[in-house]
Amino acid sequence: MLIGYGRVSTADQNPDHQVDALMRAGVTPDNIYIDHASGAKASRPELDKALASANRDGDQLVITRLDRLGRSVLHLVTLGADLRERGVGLVVLEQGIDTTTMEGRAMFGMLSVLAELQRELIVANTRDGLAAARARGRTGGRRPKLTPDQARHAQQLYDAGNHTVQRIADLLQVPRSTIYGHLNKESIGRRPTDKGPMQA
């Protein structure tokens, strides 16, 4: 079954061109889900519905462009891995990606390489920032809060799925409860290896 997803940034924008493209690709109107939200917004109910509908081996999630789907490269790779595990293909019309083909999987694999590079840069930048702070004498205990940049980095590391909350807390030198306090509440607990903030 073909499941279509589209997104426009505001309620004033018209998604018709995305809907038309999805229908030309064979998606029926009742299987098209459209969010009216910015790309950075974590909560996208129509995307959740689309992902829930694409739940059988052989289903395909169809989008017009990659930036309509993911908040970041890390988010795209995480979604792609989840779809692949369920046997669901991802078709990106304007960029010619179809993960049911060898070529499409190779193109999406390049995104994984970019995501890994982004993860390494985030970790390196965090370590450099902490080292600079220590060099300036700011070593007096762990800070109770994160800066906006650190909070964003923590969310990206968490969404990537390769770091536990404890590992992120260690990298940023804050208690684990501080990391939980800054994570998007809807993302907490979705990973089977996660431990809640009250657990050891």
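1. Let's start with helix H3. Its buried residues are Leu74, His75, Leu76, Val77, Leu79, Gly80 and Leu83; here buried means under 20% relative accessible area, with exposed being over 50% and partly exposed in between (1.4 Å probe, protein chains only). Helices are DSSP runs of H or I with at least four residues, strands are runs of E with at least two, and both are numbered from the N terminus.

2. A word on what you are looking at: this is a predicted model, in which local features need pLDDT of at least 70 and side-chain atom pairs count only at pLDDT 80 or more, while totals for chains, interfaces and linings use all residues. Residues are numbered from 1 along each chain as its sequence is written, and side-chain values use heavy atoms, leaving out hydrogens and water.

3. H3 covers residues 73-85, and its 13 residues reach 18 Å from the first C-alpha to the last, close to the 18 Å expected at 1.5 Å a residue. That expected span is 1.5 Å times one less than the number of residues. Just after H3, Gly87 has a positive phi of about 75°.

4. Now step back to the whole protein chain, which holds seven helices and five strands. Read from the N terminus, the order is β-α-β-α-β-α-β-β-α-α-α-α. Of its 200 residues, 42% count as buried.

5. Next, follow H5. Ten of its 13 residues are buried, so H5 is largely enclosed by the rest of the structure. Among them are Gln150, Ala151, His153 and Asp159. After H5 comes Gly161, with a positive phi near 85°.

6. How do the axes of H5 and H6 cross? Helix H5 (residues 148-160) and helix H6 (residues 165-172) have axes that come within 10 Å and cross at roughly 150°. That makes H5 roughly antiparallel to H6, as angles over 145 degrees count as roughly antiparallel, under 35 as roughly parallel, 65 to 115 as roughly perpendicular and the rest as oblique. The axes are lines fitted to C-alpha atoms, for helices over the stretch in contact, and angles run from 0 to 180 degrees between N-to-C directions.

7. Which residues meet here? Gln150, Ala154, Leu157 and Tyr158 in H5 meet Val165, Ile168, Leu171 and Leu172 in H6, where contact means heavy atoms within 4.5 Å. These residues divide into seven nonpolar, one polar and no charged. For that count, Ala, Val, Leu, Ile, Met, Phe, Trp, Tyr, Cys and Pro are nonpolar, Asp, Glu, Lys and Arg are charged, and the others, Gly among them, are polar.
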